[in-house]
Amino acid sequence: MIRAVALLWSLGPLLWQLYTSLRPADALVSGPQGLGSPGGGIFGGWTLQNYSQLLAADPPFWRYLLNSAVVGVAGTALTLLLAIPCAYGLQQQRGALRWGTLALLLAASLFPTALLFLALLEWARQLGLGNHLLALALPYAALSLPLAILLLRAALADLPPELEDAARLEGLGPLQRLRFVLLPLLAPAIASTAILVFLFSWSEYPIALTWISRESLLTLSAAIARIGASSVFTIPYGAFAAATVLGSLPLVLLLLLFQRAIVSGLTQGAVKG
Amino acid sequence: MTAWLLMLPALTLLAVVFLAPLARYAWLSAHATSVLTALEPVANGGANWLRLAQDGRFWQDAGQTLRFAAVSVGLELLLGLALALLLRGPRGGRAAGGGLRTAVLLPWALPATVMALGWRWIYNEPHGPLNSLLIAAGLPPYPFLSTPASTWFAVVVADVWRSTPFVALLLLAGLQAIPPELEEALVLEGADRWQILRRLLLPLLSPWIGLAALFRLAQALGVFDLIQVLTGGGPAGSTESLALYAYLNAMRFLDFGYGATVLLATFLLLLLPGLLWLMWQRRAGSAA
């Protein structure tokens, strides 16, 4: 019973979007307010016109999904490239140096990133990074680094120290130990980290909003906001809902596939930092 | 030595993106950089800060941001705890399966702009589902997003919908770290569920609750995406947050000096929950 309420609360708003997206525009606003309106009732008159309209727009809606995917993958790759060596180096430090760095990283991971947009925009302008999709990976990696380093460092700390000692006796240098001994064992933690960073990069809004102005390069978040702001005077809610559904779909898939990794990443990051 | 070299690239990027902006804002806030100065910085002493002190809109937004953060994080902790207990399942019973967990987690995984646009339709007057329900019940429709006195709470509800799963997952991890023997011992003493919650679970969960509160408060005080898309700060500025005001100053009024001043002031406001948390940690530490 209570579980049903929790399910309804979590999924209800989304299911309603799905329902809205499949209704013809006039059914949403005609009669006494949509629900149970004359001529069709709640379940009359399904349509895919909202979706075809979105996909036929210029640029087509899938373009935004593709852009977000590109930024998400690039941001994730860059984050891991920087975070893995850093976590390893950090784990070698001892005493106040390590705890100080960890505390700073924790503080940075709490920081609401929207506050950084102005300074980042200035640098983007000076360096000519605006309207380049891949350039977004740079701030995204930087903003994801604190959490990524904390997660990976915690995973490294969980590995038995004898492992590295044995590899050292075998004559492996630090980079070889990282590459051949530790990295395979870190795979689960790397997967958790990657999926969290991807979710962040996929969804990020303030920086995408200020760095990208060209329509065909907009990421999903920025495009959705623009769609929402573009038509204040009409009520194209069928199209809004279709956009919401299309924008949610990839995440539903990700969540279904990686639920376990996401949960462990979220909780580990908070606790072991 | 190698250790430092391995850390260097990441730490450099972190310094550029987290520390340098704060220094840059401090510099910008000591200069006028706006259309009036042809966007060239001109030192103006403390004029930006004087203006901030007398800016009614800034203080109104500060109050609104604090109210938003306090109420939404309070509700998220309450509901998050309930949801965590629910996901854990009854004592001795099976924890909730992956399906329920995935469903519950979904609101958190959606981009804020996507869910904000969705909630705009839910609140739509008179065609949205909430008003359809009101009308079906014979009540007049309610303008959820255009009532200055109450729209802030509509924003809180949307934020609670999105962020409760995060809090719940954190608290669930905390619950699972509590040895079941402790609970069984209390049951043998004849404690009911309410007493178990108050005497055992809440005290042991308190570090987790503190962590969730700290993280959510910091995020809520910097809220931007949700409000920009859901209400745009309206009606009549009644939901404008500090981050949105800073954004408008810089991007719409092209006043970078003042925008940076608002951003820096918001950052100072952020230190508040951090300090409270540290004090609470210290007290908890000395009590233990």
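## Reading a predicted two-chain model

Mentor: Start with one residue. This is a predicted model. B:Gly232 counts as partly exposed, because 17 C-beta neighbours lie inside 10 Å.

Trainee: Where does B:Gly232 lie in chain B?

Mentor: Look for the helices on either side. B:Gly232 sits in the loop between α10 (225-230) and α11 (242-252) of chain B. B:Leu244 is twelve residues away from B:Gly232 in sequence. Their C-alpha atoms are 8.4 Å apart.

Trainee: How many helices and strands does each chain have?

Mentor: Take the chains in turn. Chain A has twelve helices and zero strands. Chain B has twelve helices and two strands.

Trainee: What pattern does chain B follow along the sequence?

Mentor: Read from the start of the chain. The pattern in chain B is α-β-β-α-α-α-α-α-α-α-α-α-α-α. Chain A reads α-α-α-α-α-α-α-α-α-α-α-α.

Trainee: What percentage of the residues of each chain count as buried?

Mentor: A residue is buried if 20 or more other C-beta atoms lie within 10 Å of its own. In chain A, 47% of the 273 residues pass that test. In chain B, 45% of the 288 residues do. The C-alpha atoms fill roughly 75 × 70 × 35 Å.

Trainee: Which elements of chain A have the lowest and the highest mean pLDDT?

Mentor: Where pLDDT is low, the predicted coordinates should not be read in detail. Now chain A. Its mean pLDDT is 83, and 89% of its residues reach 70 or more. Among its elements, helix α2 (residues 25-29) has the lowest mean, 66. Helix α4(A) has the highest, 93. Also mark residues 31-40 of chain A, where pLDDT stays under 50. The model has 24 contacts beyond four places in sequence for that stretch.

Trainee: At what angle does α4(A) cross α7(A)?

Mentor: The axes of α4(A) and α7(A) (residues 137-158) come within 7 Å and cross at roughly 45 degrees. The two helices are therefore oblique to each other. The crossing is right-handed. Next, sort the contact residues by type. They divide into 19 nonpolar, four polar and one charged.

Trainee: How does α4(A) pack against α1(B)?

Mentor: Helix α4 (residues 61-92) of chain A and helix α1 (residues 2-29) of chain B pack at about 130 degrees. Their axes are 7 Å apart. This pair is therefore oblique too. Its crossing is left-handed. On the α4(A) side, the contact includes A:Leu82, A:Pro85 and A:Tyr88. On the α1(B) side, B:Trp4, B:Met7 and B:Leu11 are among the residues. The contact residues are 14 nonpolar, two polar and no charged.

Trainee: How many residues does each chain give to the whole contact between A and B?

Mentor: Count both sides. Chain B gives 70 residues and chain A gives 73. On the chain B side, the largest share comes from α1(B), with 16 residues. That side divides into 52 nonpolar, 14 polar and four charged residues.

Conventions. Residues numbered from 1 in each chain as written. Chains lettered and ligands numbered in written order. Predicted model: local features only at pLDDT ≥ 70, side-chain atom pairs only at ≥ 80, totals over all residues. Axes fitted to C-alpha atoms, helices over the stretch in contact; angles between N-to-C directions. Helix = DSSP H or I, 4+ residues; strand = E, 2+ residues; numbered from the N terminus. Parallel < 35°, antiparallel > 145°, perpendicular 65-115°, else oblique. Left-handed = near helix turned anticlockwise from the far one by under 90°. Contact = placed C-beta atoms within 7 Å. Nonpolar A, V, L, I, M, F, W, Y, C, P; charged D, E, K, R; others polar. Buried ≥ 20, exposed ≤ 12 C-beta atoms within 10 Å, placed from the backbone. pLDDT = per-residue confidence, 0-100.
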